[in-house]
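Reader: Hi, I'm new to this one. Can you walk me through the charged side chains?
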Amino acid sequence: MTGVASAGDLAGTDLGGGRVRLTWTYPGDPAALGVTFDVYAETDPLAPPRRLHASGGSALSAELAELPDGTVYLTVVARHGDRIALPARLLPVRVRRSAQRVALTPVIADATLPAGLGFPFGIDVSGGVGAATGDPLLRSKIMQLLLTAPGERVNRPDYGTRLRDLVFDPNNEVLAAATEFAVAQALTRFLGEEIQVDQVQVRASGPELAVDIVYLRKADLRTERLRVGVPVIGVGGA
């Protein structure tokens, strides 16, 4: 080892995007002693340090970039001229190429409105479950109610509407009026604590029913509008 001490107390933080911040300690002032450090990263814990990621500095930290996804084994080698110390003990760090999530829950722009699962259900770019808040969350609840058929949801057989069952019904004014009544009733019954239904208008428009819903958000008294198109291929007329 020729009298050069080894670095110790390695600690690593995954910064996301294939970047890791690595820190370590050294007995004495490296700059005053003329000691510099080489940082190596390997994917095989049994492999000797060959992949050099940082070198030549006397600082007790380094930020590594372009690391592969998965567990990376990091070590630091102290150097004084041509003399080198034994490598520091390997530090395994779990590296994620995608950006690291800043928070476990979505940032709520309006603290008076709750947050919940996004609709449709999905995974976001950071690997977490997609979430929604505010009016997007309310709209997703309305869409789920409209697109759920009665009897489809376990333990709530009365939840939903018949919108998806209208595909082969005759597209006429009678169907439009009946749909208005059914949608307004379902919204008031299942979402009445969050919204006040101001208007439901259903118009027969060619091969579809255009469902326009105007509602008041009770949390902040804001009026919003949502339009849903329901395909209907039945023959028009009474």
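Reader: How many salt bridges are there by the rule used here?
Author: The count comes to eleven salt bridges. Keep in mind that this is a predicted model.

Reader: Pick one. What does Glu-194 form a salt bridge with?
Author: Its partner is Lys-141. The closest N and O atoms are 2.9 Å apart.

Reader: Where do Glu-194 and Lys-141 lie?
Author: Glu-194 is in the loop between helix H3 (173-191) and strand S11 (195-205). Lys-141 is in helix H2 (residues 134-147).

Reader: New pair, please. What is Arg-217 bridged to?
Author: Arg-217 forms a salt bridge with Asp-220. Their closest N and O atoms are 2.2 Å apart.

Reader: And is Arg-217 buried or exposed?
Author: Arg-217 is buried, with a relative accessible area of 4%. That is under the 20% cut-off for buried. Asp-220 counts as partly exposed, at 22%.

Reader: What about Glu-224, which residue does it form a salt bridge with?
Author: With Arg-222. The closest N and O atoms in that pair are 3.4 Å apart. The cut-off for a salt bridge is 4 Å, so the pair counts.

Reader: How accessible are Glu-224 and Arg-222?
Author: Glu-224 counts as buried, at 13% relative accessibility. Arg-222 is partly exposed, with a relative accessible area of 46%.

Reader: Which residues are joined into one network with them?
Author: The network holds Arg-139, Arg-217, Asp-220, Arg-222 and Glu-224. Salt bridges that share partners join them.

Reader: Switching topic. Where is Asp-14 found?
Author: Asp-14 sits in strand S1 (residues 8-16). At 10% relative accessibility, Asp-14 counts as buried.

Reader: Which side chain does the side chain of Asp-14 make a polar contact with?
Author: The side chain of Arg-96, at 3.3 Å.

Reader: And which backbone nitrogen lies 3.1 Å from a polar atom of the Asp-14 side chain?
Author: The backbone nitrogen of Gly-16. So the Asp-14 side chain has a backbone atom at 3.1 Å and a side-chain partner, Arg-96, at 3.3 Å, with 3.5 Å as the cut-off for a polar contact.

Conventions
Residues are numbered from 1 along each chain as its sequence is written. This is a predicted model: local features need pLDDT of at least 70, side-chain atom pairs count only at pLDDT 80 or more; totals for chains, interfaces and linings use all residues. Side-chain values use heavy atoms; hydrogens and water are left out. Helices (H or I, at least four residues) and strands (E, at least two) are DSSP runs, numbered from the N terminus. Buried means under 20% relative accessible area, exposed over 50%, partly exposed in between (1.4 Å probe, protein chains only). A polar contact is a pair of N or O atoms within 3.5 Å; within protein, one must be able to donate a hydrogen and the other to accept it, and residues adjacent in sequence count only if both atoms are side-chain atoms.
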